[in-house]
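Here is a briefing on one protein model. Look over the sequence and structure first, then read on.

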Amino acid sequence: MTPLPPGSTIGILGGGQLGRMLAAAAAQLGYRTHVLAPDAESVAAQTASSFTRADYHSRIVLDEFAAITDVVTYEFENIALDPIVYLAAKVPVHPAPAALGVAQDRAEEKSFVGELGGRTAPWAKVESLDDLYAAVAAIGTPAILKTLRLGYDGKGQVRLHRADEAEAAWAAIGGRPAILEGFVPFSHEFSIILARRADGAMVSYPPPWNEHRHGILARSSLPAPAEIAAQWGEAAALAGRVADRLGYVGVLACEFFAGADGPVFNEMAPRVHNSGHWSIEGAVTSQFENHIRAICGLPLGDTGLTAPSVMMDNLIGAEANGWAEILAEPDAHLHLYGKEVRPGRKMGHVTRIGRV
């Protein structure tokens, strides 16, 4: 593709913190950004060049959005697929609708990765309570029931410790189509984050060790422990095959468990990812800048570390109120997202460089 020149306008669907940081990266490279989101509170609008508050399903809105943008991307995968398909017929959209379609359906995602030789937890599609009983009998417990679509940061998921919890679990997710996943023993969780251009050029970042608390990512740190480092190559190769098969353009994140027999694929996110926030200060080129570079057809940037060690902590809820103390730390880089403080809400993150 011909590189998109600075001064062009990048459309961003979604008004959250990922859009906020994408807009900041785009501005650094000389691009304008236009955010489209239905939310009254849009933290992405605080850094974007312009903002439209409107529903994604309005064809009039989408026509106007396509007319004023040169390329479109999105900052979350829970957007409906139809608006993306509609926009893609009028303006380049990256990542393409096909990638979003796979990522939005957990059963399709597992099947897709399995066809590429990826290792997944044992799983079964569940569309009724009887299906769930059969899946529990086949897979066993403990297991986790996940809605087929939507759900993140632990939402739309219920753990089953015993077979007799099936009916309650089914009710807890509202009796919606789902998958049942068996638990797999693992030592650590990690992610592979890569950026790919339309011509197939690709770069990936060193894998961070991801630690979760209450289903929400709490910390990402590098360099990763030896168990992760030993599985880096195999996991990165699988992520690369996923990107190539989808003709992917932009940043892709694939989450893994470090299992006894090798990396176990958990899920993919067709966007910049929370576990890559450390790259703003911790990598030569951040995931946000590389996403902008990829969708605009620019050379991809170096993904190497800027320090021997990097640690990113999410600030959840009232943790963000400690901003003054964080700013007093000489090695800390604070990012606040401009949100109203609420319990369990990602309010910002802090990246510490060089701390052992």
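The notes below cover a sheet and its helices, aromatic pairs and salt bridges.

This is a predicted model: local features need pLDDT of at least 70, side-chain atom pairs count only at pLDDT 80 or more, and totals for chains, interfaces and linings use all residues. Residues are numbered from 1 along each chain as its sequence is written, and side-chain values use heavy atoms, with hydrogens and water left out.

**Sheet and helices**

- Four strands form an open sheet in the order β3-β2-β1-β4, with parallel pairing. Strands pair if DSSP finds at least two bridges between them. Helices (H or I, at least four residues) and strands (E, at least two) are DSSP runs, numbered from the N terminus.
- β3 (50–53) and β4 (71–74) stand at the edges with a single partner strand each, so one side of each has no neighbour in the sheet.
- From one strand to the next, the twist averages 20 degrees. Axes are lines fitted to C-alpha atoms, for helices over the stretch in contact; angles run from 0 to 180 degrees between N-to-C directions.
- Four bridges join β2 (residues 32–37) to β3 in the parallel sense. Ala37 has Arg53 of β3 as its bridge partner.
- Helix α1 (residues 17–28) lies across β1 (9–13) and β2, and runs at about 170 degrees to β1.
- Helix α2 (residues 59–68) packs on the sheet and touches β1, β2 and β4. The direction of α2 makes about 170 degrees with that of β2. Contact means heavy atoms within 4.5 Å.

**Aromatic pairs**

- The whole structure holds five aromatic pairs. Rings of Phe, Tyr and Trp (its six-membered ring) pair if their centres lie within 6.5 Å; planes under 30 degrees apart count as stacked, over 60 as edge-to-face and the rest as tilted.
- Tyr205 and Trp278 pair edge-to-face, at 6.0 Å centre to centre and 90 degrees between the planes.
- That pair links distant parts of the chain, 73 residues apart. Tyr205 is in the loop between β10 (202–204) and β11 (209–213), and Trp278 is in the loop between β14 (262–269) and α10 (279–282).
- Tyr205 is buried at 1% relative accessibility, and Trp278 is buried at 1% too. Buried means under 20% relative accessible area, exposed over 50%, partly exposed in between (1.4 Å probe, protein chains only).
- Phe256 and Phe265 have ring centres 5.9 Å apart and planes at 85 degrees, so this pair is edge-to-face. Phe256 is buried at 1%, as is Phe265 at 1%.
- Phe190, Phe256 and Phe265 are linked into a cluster by ring pairs.

**Salt bridges**

- A search of the whole structure gives 17 salt bridges. Each is a side-chain nitrogen of Lys or Arg within 4 Å of a carboxyl oxygen of Asp or Glu.
- Lys90 and Asp63 form one at 3.5 Å, N to O. Lys90 lies in the loop between α3 (81–88) and α4 (97–104), and Asp63 in helix α2, so the pair ties together parts 27 residues apart in sequence.
- Lys90 is partly exposed at 46%. Asp63 is partly exposed at 32%.
- Arg162 and Glu165 form a salt bridge, with their closest N and O atoms 3.4 Å apart. Arg162 is partly exposed at 47%.
- Arg197 and Asp199 meet at 2.3 Å, N to O. Arg197 is buried, at 17% relative accessible area.
- A network of salt bridges links Arg219, Asp313, Glu329 and Arg352.
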